[in-house]
Amino acid sequence: MSHDVKPEVRHLVDFTREAAGFILTEMRAAVAARGFCRLALSGGNTPRKINAELVAQAAGFGWNHVQITFGDERCVPPEHADSNYRMARETLLEPAGIPDGNVFRIKGEIEPDAAAREYEARLHAVAARLGEPRYVHDVLLLGLGEDGHTASLFPGSPALAEMERNVIPAIGPKPPPQRITMTFPLLNAARHVIFLANGAAKRPLIEQILAGTGDYPAARVQPDAGRVTWLVGD
Ligand code: 6PG
C-alpha cells in the first residue's frame, strides 16, 4: 500500500449510510483546506445507493465547490443503461444539482483512444494551472470486482503496465468489454483513495489484498503520498 501509510479498514454496519457520511466528511475537509474538492466517482452498482445517500446527507453542502471526474467509463453513449455517467447523473448529479461545468464526463460515445486523450487533456489543463504534474484528486472512489479489478484495470490487462498516460482505453471481461480507465499513475496521485467494497463475497479478496498476497490490480493502488481507506460491508 502507500509507502509509509497502511490502509485504514472500516467495517461498516449500515454500509450505505456510513459510507456516504465518510465520503462527505472527506469532501468537506478538502473544501475547507483548499476551497475545492476534486472527487472521482466509481462505476458499477455499489455507488448507486451511496450516491443517493450522499445527496440526502449533503443538504446545504456547496456542490458547486466540487469537480467531478470518473475513474472509468464504458464505451457507450451517455444515455446507455451501462453508462457510469448515466448512473451518476440519475443518482447524484441531477438530484444534487451539480452544475454541468463541474462534471468532467468521459465521452464513451466516441472512438476510445480519442476519448481517453481528450479526457487526459482536460484533466491536465486543470493540473497545469495548479502546478501539478498530474491531476490530484482529493477524494477518489473505487470499487472492487470479484477478480480484484478496480476502475477498468482488470487482471492480465496491458492497461496495468501503463505508467505514463493518465487515461487509456482498456478491454475487460466485465461487459461491456470496451472501456476507458484512469491508470495507476493517476489513481496513485490522489490524496485519499476510498474503496467501496460491500458484500461478503468480496471479503476473502479484501483480506488477501490487505495482507499483500495475491497480485490483484486493486492491490496496486498505492498512493504516492496519499492514503487509502477501505470501507467494507457485508
Ligand atoms: C465499472 C466499475 C468497476 C466496479 C467493480 C465493482 O465500471 O464496472 O468501475 O470497477 O467498481 O466492478 O462493481 P460493483 O460495485 O457493481 O460490485
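How far is an oxygen atom of the ligand from an N or O atom in the side chain of Arg-74? The distance is 2.9 Å. The legends below cover this contact and several other sites. The model is predicted: local features need pLDDT of at least 70, side-chain atom pairs count only at pLDDT 80 or more, and totals for chains, interfaces and linings use all residues. Residues are numbered from 1 along each chain as its sequence is written, and side-chain values use heavy atoms, with hydrogens and water left out.

**View 1**
A ligand oxygen lies 2.6 Å from a side-chain N or O atom of Thr-46. Taken alone, the ligand exposes 420 Å², and the protein buries 92% of that. These areas come from the Shrake-Rupley method with a 1.4 Å probe; for residues, only the protein chains shown count as cover.

**View 2**
The ligand is surrounded by 17 residues, the closest being Thr-46, His-149, Ala-151, Lys-174 and Lys-202. A residue counts as near if one of its heavy atoms lies within 4 Å of the molecule or strand. By class, the shell holds two nonpolar, 10 polar and five charged residues. Here Ala, Val, Leu, Ile, Met, Phe, Trp, Tyr, Cys and Pro are nonpolar, Asp, Glu, Lys and Arg are charged, and the others, Gly among them, are polar. The ligand sits in the largest pocket. A pocket is an open set of points on a 1 Å grid over the protein atoms alone, where a 1.4 Å probe fits, with protein on both sides within 12 Å along at least five of seven lines. To sit in one, a molecule needs more than half of its atoms within 2 Å of its grid points.

Ala-151 lies in the loop between strand S5 (139-143) and S6. Helices (H or I, at least four residues) and strands (E, at least two) are DSSP runs, numbered from the N terminus. Phi of Ala-151 is near 50 degrees, a positive value in a residue other than glycine. Ala-151 is buried, at 13% relative accessible area. Buried means under 20%, exposed over 50%, and partly exposed in between (1.4 Å probe, protein chains only). Pro-175 and Pro-176 are joined by a cis peptide bond, with omega about -5 degrees. Pro-176 belongs to the loop between strand S6 (167-171) and strand S7 (178-182).

Ser-83 is placed in the loop between strand S4 (72-74) and helix H3 (84-96). Its relative accessible area is 2%, so Ser-83 is buried. A polar atom of the Ser-83 side chain lies 3.1 Å from the backbone nitrogen of Tyr-85. For the backbone nitrogen of Arg-86, the distance to a polar side-chain atom of Ser-83 is 3.0 Å.

**View 1. Gln-222 in the loop between H6 and S9.**
The loop that holds Gln-222 runs between helix H6 (203-211) and strand S9 (227-233). Gln-222 counts as partly exposed because its relative accessibility is 30%. A polar atom of its side chain is 3.1 Å from the backbone oxygen of Ala-219. Gln-222 and Asn-188 are 34 residues apart along the chain, with their C-alpha atoms separated by 5.7 Å.

Leu-123 is located in helix H4 (residues 112-129). At 3% relative accessibility, Leu-123 is buried. From Leu-123 to Phe-104 the C-alpha distance is 8.4 Å, across 19 residues of sequence. Pro-47 lies in helix H2 (residues 46-57). Pro-47 is also buried, with a relative accessible area of 4%.

Methods:
A polar contact is a pair of N or O atoms within 3.5 Å; within protein, one must be able to donate a hydrogen and the other to accept it, and residues adjacent in sequence count only if both atoms are side-chain atoms. On a 1 Å grid over the protein atoms alone, a cavity is a set of points where a 1.4 Å probe fits but cannot get out, and a pocket is an open set with protein on both sides within 12 Å along at least five of seven lines; lining residues have an atom within 4 Å of a point.
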